[in-house]
Amino acid sequence: VIVNVDDRIAIRLLLVTLIRGNAPLIGSLVAASRGKPWRSVALHVASVAASKLKSVSLLEGIVKEEEEDIVESALLRGVGTSNAQRTFIDFLILQRRYARALAMCESFTSESADDHQAIAGL
């Protein structure tokens with residue numbers, strides 16, 4: 001458990017842990033970031049890691065409602081691939097935003113169907 005770390009060192013650690021794929025350390029740094037000026041960086045890194053891992057378990061219990069925009073923004077940057085879309089929908093479900101998750105499922109399904117029709121028409 002990380003208790004007290006200098007802000008600059010914490011940000012560097014976050015980037016190194018993202019590159020190395022060390023999810024447990026990312027989780028510890030995110031937990032240590034509560035109330036710190038680098039909280040949004042920690043959430044962004046955790047979101048990118050979740051997208052790479054194709055799992056939102058890293059985000060479970062750490063994202064407050066007012067911080068969801070940071071996570072959504074990071075997850076939506078990867079949307080365009082089916083894995084990123086699934087990860088984003090999983091995050092919405094994790095945050096109990098079921099109506100939005102359903103709407104995103106419908107949107108992604110519709111886009112996929114449009115792509116298939118365009119390809120079939122060639």
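Visitor: What pattern does the chain follow, read along the sequence?
Guide: Along the sequence the pattern is α-α-α-α-α-α. This is a predicted model, and its secondary structure comes to 6 helices and 0 strands.

Visitor: And how much of the chain counts as buried?
Guide: Of its 122 residues, 34% count as buried.

Visitor: What share of the contacts comes from residues 24 or more positions apart?
Guide: Such residues account for 53% of the contacts with a separation of 6 or more.

Visitor: On to α3 and α4. At what angle do the axes cross?
Guide: Roughly 40 degrees. Helix α3 covers residues 39–53 and helix α4 covers residues 68–76, and their axes come within 8 Å. That angle makes α3 oblique to α4, since the roughly parallel class takes angles under 35 degrees and the roughly perpendicular class takes 65 to 115.

Visitor: Left-handed or right-handed crossing?
Guide: α3 passes α4 in a right-handed crossing.

Visitor: Which residues meet there?
Guide: From α3, the residues are S40, L43, H44, S47, V48 and S51. They meet I70, V71, A74 and L75 of α4.

Visitor: How do the residues of that contact divide into nonpolar, polar and charged?
Guide: There are 6 nonpolar and 4 polar residues in the contact of α3 with α4, and no charged ones.

Visitor: Now E68. Where is its place?
Guide: E68 is in helix α4.

Visitor: Buried or exposed?
Guide: E68 has 8% relative accessibility, so it counts as buried; the cut-off for buried is under 20%.

Visitor: Which side chain does E68 join in a polar contact?
Guide: The side chain of R97, in a polar contact of 2.9 Å.

Visitor: What else does E68 touch?
Guide: Leaving out residues up to four places away in sequence, E68 touches V63, F91 and Q95, along with R97.

Visitor: Switching to W38. Where is it found?
Guide: W38 is in the loop between α2, residues 23–32, and α3.

Visitor: Why does W38 count as buried?
Guide: Because its relative accessibility is 2%, and buried means under 20%.

Visitor: What does W38 touch?
Guide: With residues up to four places away in sequence not counted, W38 touches V5, D7, A10, I11, L14, L29, A32 and S33.

Visitor: You listed A10 among the residues that W38 touches. What separates the C-alpha atoms of W38 and A10?
Guide: A distance of 8.0 Å separates those C-alpha atoms, and W38 and A10 are 28 residues apart along the chain.

Notes
Residues are numbered from 1 along each chain as its sequence is written. This is a predicted model: local features need pLDDT of at least 70, side-chain atom pairs count only at pLDDT 80 or more; totals for chains, interfaces and linings use all residues. Side-chain values use heavy atoms; hydrogens and water are left out. Axes are lines fitted to C-alpha atoms, for helices over the stretch in contact, and angles run from 0 to 180 degrees between N-to-C directions. Helices (H or I, at least four residues) and strands (E, at least two) are DSSP runs, numbered from the N terminus. Angles under 35 degrees count as roughly parallel, over 145 as roughly antiparallel, 65 to 115 as roughly perpendicular and the rest as oblique. A crossing is left-handed if the near helix is turned anticlockwise from the far one by less than a right angle, and right-handed if clockwise. Contact means heavy atoms within 4.5 Å. Ala, Val, Leu, Ile, Met, Phe, Trp, Tyr, Cys and Pro count as nonpolar, Asp, Glu, Lys and Arg as charged, and the others, Gly among them, as polar. Buried means under 20% relative accessible area, exposed over 50%, partly exposed in between (1.4 Å probe, protein chains only). A polar contact is a pair of N or O atoms within 3.5 Å; within protein, one must be able to donate a hydrogen and the other to accept it, and residues adjacent in sequence count only if both atoms are side-chain atoms.
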